Amino acid sequence: MEKHIGCLVMPGDVLDCIKPVEENKKVILGPGLIEDGNFIKISKPGILKFRQPGVYWIDCHQKRYVPAKNDSVIGIITQKPGDIFRVDIGGSELASLSYLSFEGATKRNRPDVKIGDIVYAKLLVANKDMEPELVCIDSHGRSSGMGVIRKGGFLFHCHINLARKLLNPECVVLKQLGRRFKFEIAVGINGRVWVKANNEIQTIAMANAVMASELMNNVQIETMCKKLSKVSSGIDED
Amino acid sequence: MRETPLSNCEKEFILKNISEQRRLDGRNSYDYRDLRIAFGVSLGCCHVELGKTRVLAQVSCEVGQPKQTRPHDGVLYVNVELSPMACPSFEAGRQTEEGVELSRLMERCLKESRCMDLESLCIVAGEKAWHIRIDIHVLNHEGNILDCSSIAAIAALAHFRRPDVTVQGQEITIHSMEDRNPVPLSIHHIPLLVSFAFFIQGKYMIVDPSEKEEKVMEGKMVIGMNKHREICTLQVTGEMLLLKEQVLRCSNIAVMKVTKITELIHTALANDKQARLRGEKHGFAELISGEKLSSNQQPPIEVKPAFNIYEEDDDSMSSMESDESSLGHKVQEVDIKRYL
């Protein structure tokens with residue numbers, strides 16, 4: 001099995017080394033893998049990844065977001081029919097967000113949300129055939145960072161891969177940029193990123209730097225960030 | 001499929017920046033994005049990239065009856081195809097308002113400007129004439145498909161060659177390409193469309209709006225012009241009023257842009273012609289190997305060669321492996337100055 005991990009796979013390939021049921025061991029199939037009878041087939045082109053104890057998934061280049069439970073996403077409010085909001089999260093269907101699922105919201109005290117606002121929310125329900133449902137509170141009723149983003153800044157769209165990369169705590173771009181600039185960032189796993197820096201120029205620079213970093217290696221990212229801070233502040237680090 | 005809605009945050013940010021004479025991609029208000037013109041192996045096939053917007057135009061011809069009202073003229077059809085490939089919100093087969101506007105403007109630009117001599121397409125008056133058809137396929141929509149399609153269309157027409165025809169009494173002979181050199185269409189001038197987007201009651205104006213800017217803009221003015229400063233089309237859409245001075249300023253900017261693009265088309269045509277004459281490799285396939293056409297340039301990614309599922313036919317797979325290990329492309333060059 002080990003020899004396949006980290007290798008390129010194509011749709012239709014059969015992985016006969018992963019058995020659906022191993023002895024007293026569960027195998028979890030992530031995105032890109034489907035169970036077909038006794039075989040496991042691949043439905044996406046990409047790199048096969050594995051994590052202990054038994055999680056397999058395909059890492060591939062993708063733009064389309066498929067809602068999954070517990071994902072933190074950035075959505076755009078598109079409709080306000082009755083007591084829910086309809087939110088575009090980039091999936092095939094609009095997600096619903098109840099106005100009661102904001103911190104401190106009651107029947108009388110409705111949250112102030114307008115059409116076109118952006119919200120940082122978590123997916124509570126995400127099934128194949130059901131409307132996804134969002135919440136802006138955790139299980140204790142606290143906002144814990146979620147809610148409407150209403151501080152200006154800029155929202156841009158990127159590939160799902162890049163969003164995942166940014167959410168990695170070891171993310172080089174954000175670390176490098178963070179050493180040089182002051183900014184706020186919210187990354188939704190659905191490929192939407194909100195950034196806000198000191199001024200508009202820096203916000204644009206930040207957004208472009210993040211976008212450009214997708215196809216760069218760590219050394220290149222570092223050089224880019226150095227150049228960027230040199231251009232914007234006029235201070236040469238070396 | 002639904003279009004991704006534009007959030008208030010993006011809208012405010014873009015408007016704020018435009019009011020401070022800044023654009024998201026680092027361009028100035030009157031700058032075009034990078035323009036690339038490429039020709040295919042077949043005659044009359046042109047691929048134009050304007051930033052990330054891509055359009056492919058293909059010209060074809062057939063012999064048919066001329067129109068009853070114009071028995072001495074050939075016929076020019078213009079067809080614009082907006083497929084879901086360009087933008088998921090475009091639907092195949094259904095004409096949207098945007099699609100109608102686009103094809104109508106293209107018709108006005110190409111047909112009603114009389115840039116092409118239709119009389120030379122006549123074979124036998126009232127009976128036989130060439131029907132020239134130009135299909136414009138929008139491959140990717142990243143804003144300003146209009147300008148991009150107009151460049152692609154006219155470049156494709158200029159690149160096209162129709163088979164030669166001789167008429168002897170009642171007998172019409174269409175010579176094959178090998179038999180006689182194909183004839184170029186007679187094109188009098190090169191009309192091009194230049195779009196201007198207006199913001200905040202027409203106070204701010206930009207050239208070549210990107211997709212997001214198009215969503216924010218209040219109105220648009222399209223000027224069709226050739227390098228002789230002749231206006232072929234002028235269209236204003238949206239909810240705004242324009243001053244006479246603004247229209248004049250736009251037309252002055254359009255002159256500069258049109259002259260530049262016309263030059264570019266001529267150089268692209270000349271390059272292609274020379275490559276063909278010298279028997280060098282030409283066409284899209286060559287451009288990809290020269291890394292001119294691929295916008296998805298990637299740095300080399302460390303990917304182990306494909307693993308063998310079918311262990312038996314080892315030999316056929318090993319040849320594929322070597323191909324796949326060279327997945328990496330040229331490193332994308334990023335101009336830092338553009339950020340600011």
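Predicted model: local features only at pLDDT ≥ 70, side-chain atom pairs only at ≥ 80, totals over all residues.

First, the cores. As general background, nonpolar side chains in soluble globular proteins tend to be buried together. Here the largest nonpolar core holds 117 residues. Within that core, the residues with the most contacts are B:Ala152, B:Ala155 and B:Ala156. Helix α3 of chain B, residues 145-159, supplies the largest share of this core, 11 residues.

Take B:Ala155 as an example. What is B:Ala155 in contact with, once its neighbours within four places in sequence are left aside? The list is B:Ile37, B:Cys46, B:Val48, B:Ile265 and B:Ala268.

There is also a second, separate core, of 8 residues. Among them are A:Leu8, A:Val9, A:Ile42 and A:Tyr56.

Now the sheet. Four strands of chain B form an open sheet, in the order β12-β11-β13-β14, with antiparallel pairing. Which strands are at the edges? They are β12, at 204-207, and β14, at 231-238, and each of these pairs on one side only. From one strand to the next, the twist averages 20°.

Looking at one pair in detail, β13 of chain B, residues 219-225, is joined to β14(B) by 7 bridges in the antiparallel sense.

Finally, back to the helix. α3(B) lies across β11, residues 192-199, and β13 of chain B. The helix runs at about 175° to β11(B).

How values were computed. Residues numbered from 1 in each chain as written. Chains lettered and ligands numbered in written order. Core = buried A, V, L, I, M, F, W, Y, C linked by C-beta atoms within 7 Å. Buried ≥ 20, exposed ≤ 12 C-beta atoms within 10 Å, placed from the backbone. Helix = DSSP H or I, 4+ residues; strand = E, 2+ residues; numbered from the N terminus. Contact = placed C-beta atoms within 7 Å. Pairing = 2+ DSSP bridges. Axes fitted to C-alpha atoms, helices over the stretch in contact; angles between N-to-C directions.
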